[in-house]
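Here is a short briefing on one protein chain. Keep the sequence and the model side by side as you read.

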Amino acid sequence: MSEAPVRLSIQQFALRTGLSADTLRYYEKIGLLRHVARDASGFRVYGPRDLEWVGFILRLKDTGMALDDIIRYADLRERGESTLAARQALLEVHAAKLQDRLERDREHLTALQAKIELYRQQTTP
């Protein structure tokens, strides 16, 4: 016996994702969330695939991908397997930018830690 699929209202989905209902509606409007199911009353219902997809969108946002690039990725994803190479290329460019940012951030952290150590040495008897 299989379990019934998870069906979340927009409020439940918002709580699970940390996004507001307004943001979810906006994502639908700009094409990041597509084919959102509706119940018999016309209310949005979300499932596990929606949770996984929004999680990936948030990962891209959190790592600094521009919204236009996320939308481009979503457009490619919508077109199916024929776009795998283009999606991979988009993610590779983003990963390279992220790697550069991480290296710069490591340099900044090292410089800050050195400055903090300098202050510690000056304030310690």
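Predicted model: local features only at pLDDT ≥ 70, side-chain atom pairs only at ≥ 80, totals over all residues.

Residues are numbered from 1 along each chain as its sequence is written, and side-chain values use heavy atoms, without hydrogens and water.

**Domain**
- An unreviewed UniProt entry annotates residues 7–76 as "domain: HTH merR-type" (such annotations may be inferred rather than shown by experiment).
- Residues 7–76 are 60% helix and 6% strand (DSSP runs: helices are H or I, at least four residues; strands are E, at least two).

**Salt bridges**
- The count is five salt bridges (a side-chain nitrogen of Lys or Arg within 4 Å of a carboxyl oxygen of Asp or Glu).
- Arg44 pairs with Glu28, with the closest N and O atoms 2.6 Å apart. This pair links strand β2 to helix α2, 16 residues apart.
- Arg34 forms a salt bridge with Asp75 at 2.2 Å. Arg34 sits in the loop between α2 and β1, and Asp75 in helix α4, 41 residues apart.
- Arg120 and Glu117 meet at 3.9 Å, N to O. Both lie in helix α5, three residues apart.
- Shared partners join Glu28, Arg38 and Arg44 into one network.

**Loop residues**
- His35 lies between α2 and β1 and is exposed at 65% relative accessibility (exposed is over 50%, buried under 20%, partly exposed in between; 1.4 Å probe, protein chains only).
- Thr83, between α4 and α5, is buried at 3%.
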